[in-house]
Amino acid sequence: MNIGENVQKNECSCNTENGKKMMEMLETERKRIVSELHDTSLQNIAHLVHMIELASLYIDKDPARAKMELNSVSKGLHNVIEDIRSTIFNLRPMTFDDLGLKASFERLLDFLNADKDYIMDVEIDDVSCETDDYFCITLYRVVQECLLNIKKHSQATRVLFHCKKTEQKYEILIQDNGKGFTMEEAEDKANSHFGLALIHEGVNLLNGTIHVSSAIGRGTTIDIKIPLDLHSAVKKNS
């Protein structure tokens, strides 16, 4: 077997291993989505059913009370619809398939700031999916997890997202001015919703580096660097 065949064999082995790890990441994400649907949407729907049943008891004896209950049900249903839309969006955005990575990042940021809660500082170079699907999906999931953490946990008012492309790598900087956290808190299993393990695993799959810094009351900064030449990285690690 010549050197070229050895390199090709090593690349295939690494790609297979990365594929397995990617599937493990996706399975972890699916489990989390199922948990979120059970803990939020399904429980909210069950509560709304009870409210409708209560309104039906009032409808003849106290129409005003019945109307008040039904108004609450209507608002609750709108919230459930938004939760389900968010879950569907998180599974895989249409723009990822149709328009590429940059448009998907832009849509993520639009989703993050749909209620205009944040002052945004956004710079995105013309990043693309020229490498392979694993690369693009994994990079997207890493960024998505970072932004969802901001939306769910940070209580921030300012968010910075810069994605730069050089000849050698992607450089992604994400900052917020939110409440922050201690690394001990984030690594605690009871606070696994921070998703740092998923973020680190995704960056590792891409042979990248990540630095997370945060402090209570001082926000969070995530600095990610991903090499563009994955084949060179594979050969180096073989």
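**Reading the cavity, the rings and the loops**

Mentor: Let us begin with the lining of the largest cavity, whose residues divide into 7 nonpolar, 7 polar and 2 charged. Here Ala, Val, Leu, Ile, Met, Phe, Trp, Tyr, Cys and Pro count as nonpolar, Asp, Glu, Lys and Arg as charged, and the others, Gly among them, as polar. Please note that this is a predicted model, in which local features need pLDDT of at least 70 and side-chain atom pairs count only at pLDDT 80 or more, while totals for chains, interfaces and linings use all residues. Residues are numbered from 1 along each chain as its sequence is written, and side-chain values use heavy atoms, with hydrogens and water left out.

Trainee: How many cavities of 30 Å³ or more does the count come to?

Mentor: Rolling a probe the size of a water molecule over the atoms shows where empty space is left. A cavity is a set of points, on a 1 Å grid over the protein atoms alone, where a 1.4 Å probe fits but cannot get out; lining residues have an atom within 4 Å of a point. Volume is the space filled by probe spheres set on the points, which are joined across faces, edges and corners. By this rule there are 3 cavities of 30 Å³ or more, and the largest has a volume of about 190 Å³.

Trainee: Which residues lie nearest the centre of the largest cavity?

Mentor: They are N149, I150, D176, F181 and T220, out of 16 lining residues. Two or more residues of the lining come from each of α5 (133-154), β3 (169-176) and β5 (220-227). The largest share, 5 residues, is that of α5. Helices (H or I, at least four residues) and strands (E, at least two) are DSSP runs, numbered from the N terminus.

Trainee: Which residues of α4 are buried?

Mentor: Buried means under 20% relative accessible area, exposed over 50%, and partly exposed in between, with a 1.4 Å probe and protein chains only. In α4, the buried residues are L101, A103, S104, F105, L108, L109, F111 and L112. This helix, residues 101-112, has 12 residues and reaches 16 Å from its first C-alpha to its last, close to the 16 Å expected at 1.5 Å a residue. The expected span is 1.5 Å times one less than the number of residues.

Trainee: How many aromatic pairs are there?

Mentor: Rings of Phe, Tyr and Trp (its six-membered ring) pair if their centres lie within 6.5 Å; planes under 30 degrees apart count as stacked, over 60 as edge-to-face and the rest as tilted. The count comes to 2 aromatic pairs. F105 and F161 are edge-to-face, at 5.7 Å centre to centre and 70° between the planes. This pair links distant parts of the chain, with F105 in helix α4 and F161 in strand β2 (residues 158-165), 56 residues apart. F105 counts as buried because its relative accessibility is 1%. The rings of F135 and Y170 have centres 5.8 Å apart and planes at 40°, so this pair is tilted. F135 belongs to helix α5 and Y170 to strand β3, 35 residues apart.

Trainee: Where does Q155 lie?

Mentor: Q155 lies in the loop between α5 and β2. Although Q155 is not a glycine, its phi is positive, about 60°. Q155 is exposed because its relative accessible area is 65%.

Terms used:
On a 1 Å grid over the protein atoms alone, a cavity is a set of points where a 1.4 Å probe fits but cannot get out, and a pocket is an open set with protein on both sides within 12 Å along at least five of seven lines; lining residues have an atom within 4 Å of a point.
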